[in-house]
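Let's look at a protein chain together, one question at a time. Keep the picture in view as you read.

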Amino acid sequence: MKLHDMTPTPGSRKTRKRVGRGDSSGYGKTAGRGEKGQHSRTGSSIRPFFEGGQIPLFRRLPKRGFKNADRIVYTLVNFSVIEANFNDGDTVDMESLRAKKLLNKAAKDIKILANGTLSKKLTVKAEKFSAAAAARIQELGGTVEVIG
């Protein structure tokens, strides 16, 4: 086989449709766009969720409540997770949780909850603690540090 013998697989290559090149081509005059209407004009496009002038779905549905744009979303960390992944005397903070792949990259603030059991003396640094979690950590001789 030589370079000049090579051809693409039949049906794998299609010729471009040349529109607007005269009536005899089959795609002349209106260039395959029909007669009149919105899509016959150049630059025609409809924004997403446009329903042809009908009241759109998002305007028909009732709006309820209030969403605070400034709310702080805490990533919750339970005692059961800390107990399984940390040794006695370790420091539990954002960096150590990320290093052990227990937090995702989007997590900004963490809150420690007392779900599960804790039996190790730890230094825990977090933005927030539940009252039971803080009491249990201090009861075991650990330290609770509130950040920010």
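Below are some questions and answers about this chain.

This is a predicted model, where local features need pLDDT of at least 70, side-chain atom pairs count only at pLDDT 80 or more, and totals for chains, interfaces and linings use all residues. Residues are numbered from 1 along each chain as its sequence is written, and side-chain values use heavy atoms, with hydrogens and water left out.

Q: Which residues touch the most other members of the largest nonpolar core?
A: A nonpolar core is a set of buried Ala, Val, Leu, Ile, Met, Phe, Trp, Tyr and Cys residues joined through side-chain atoms within 4.5 Å. Buried means under 20% relative accessible area, exposed means over 50%, and partly exposed is in between (1.4 Å probe, protein chains only). In soluble globular proteins, nonpolar side chains tend to be buried together. Here the largest core has 19 residues, and the ones touching the most other members are I82 and I112.

Q: Which element gives this core its largest share of residues?
A: Helices (H or I, at least four residues) and strands (E, at least two) are DSSP runs, numbered from the N terminus. At least two core residues come from each of α2 (79-85), α3 (94-99), β3 (109-113), β4 (123-126) and α4 (131-139). The largest share is 3 residues, and it comes from α4.

Q: Which residues does I112 contact, leaving aside its neighbours within four places in sequence?
A: Contact means heavy atoms within 4.5 Å. With those neighbours set aside, I112 is in contact with V77, F79, I82, V124, A126, K128, F129, S130 and A133.

Q: What is the strand order in the open sheet?
A: Two strands pair if DSSP finds at least two bridges between them. The edge strands, each pairing on one side only, are β2 (91-92) and β6 (143-146). β4 and β6 run parallel and are joined by 4 bridges. The sheet has 3 strands with parallel pairing, in the order β2-β4-β6.

Q: Which residue in β6 is the bridge partner of A126?
A: Look along β6, which spans 143-146. There, the bridge partner of A126 is V146.

Q: How far apart are the closest N and O atoms of K120 and E83?
A: A salt bridge is a side-chain nitrogen of Lys or Arg within 4 Å of a carboxyl oxygen of Asp or Glu. K120 and E83 form one of these. The pair links distant parts of the chain, with K120 in the loop between β3 and β4 and E83 in helix α2, 37 residues apart. Their closest N and O atoms are apart by 3.9 Å.

Q: Why does K120 count as buried?
A: Compare its value with the cut-off for buried, under 20% relative accessible area. K120 counts as buried because its relative accessibility is 18%.

Q: What is the N to O distance in the salt bridge of R136 and E139?
A: Both residues lie in helix α4, 3 residues apart, about one turn of the helix. R136 is partly exposed at 28% relative accessibility, while E139 is exposed at 59%. Their side chains meet with an N to O distance of 2.6 Å.

Q: What is phi of K29 near?
A: K29 sits in the segment before α1 and forms a salt bridge with E35. Both E35 and K29 are exposed. Phi of K29 is positive, in a residue other than glycine, and is near 50°.
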